[in-house]
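Dear colleague,

Please find below the structure that I am handing over to you, together with its sequence.

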Amino acid sequence: MYASKKLTQTQRRWHMTSLEGYAVVFGLQKFGRYLEGRSDTTVYTDHQALVWLRQNKYTDTSGKLVRWFTYIDTFDPILKFRSG
């Protein structure tokens, strides 16, 4: 399966970390019904900052990245970096 989405004008101006985070959230929203209840979900990303943010449990409690990581944590995926 695959999915795609056209970014809005505002989304095109986001920082790369936000774009990569949004891609993970979009994927989980789109295919989440297939992942619910599974403990072996792995998300591969070519953006090291996402893996670092997840491992260091972000200290800022506001903003979209924190909201997104809260949503991502409901699936409890393993985030792995793969250079691309």
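In this predicted model, the exposed residues Trp52 and Gln55 lie on the face of helix H3 that is turned away from its buried side. The buried residues of H3, which spans residues 48-55, are Leu50, Val51, Leu53 and Arg54. These four lie on the same side of H3, because they cover an arc of only 160 degrees around the axis. Their packing partners are helix H2 (16-35), strand E1 (42-45), helix H4 (64-73) and strand E2 (78-81).

I also examined the aromatic rings. The count comes to four aromatic pairs. One of them joins Trp14 and Trp68 in a tilted arrangement, with 5.5 Å centre to centre and 55 degrees between the planes. This pair links distant parts of the chain: Trp14 belongs to the loop between helix H1 (9-12) and H2, whereas Trp68 belongs to helix H4, 54 residues apart.

Trp68 is buried, its relative accessible area being 13%. Trp68 also forms a tilted pair with Tyr22, at 5.7 Å centre to centre and 45 degrees between the planes. Here too, distant parts of the chain are linked, since Tyr22 is in helix H2 and Trp68 in helix H4, 46 residues apart. Tyr22 is likewise buried, with a relative accessible area of 15%. Through these ring pairs, Trp14, Tyr22 and Trp68 are linked into a cluster.

Finally, a charged group calls for mention. The charged end of Arg82 sits over the ring of Tyr44, 4.2 Å from the centre of that ring.

With kind regards

Key. Residues numbered from 1 in each chain as written. Predicted model: local features only at pLDDT ≥ 70, side-chain atom pairs only at ≥ 80, totals over all residues. Heavy atoms only, no water. Buried < 20%, exposed > 50% of the residue type's maximum accessible area, 1.4 Å probe, protein only. Helix = DSSP H or I, 4+ residues; strand = E, 2+ residues; numbered from the N terminus. Arc of directions from axis to C-beta. Contact = heavy atoms within 4.5 Å. Phe/Tyr/Trp six-rings, centres within 6.5 Å; stacked < 30°, edge-to-face > 60°. Lys NZ or Arg CZ within 6 Å of the ring centre and 35° of its normal.
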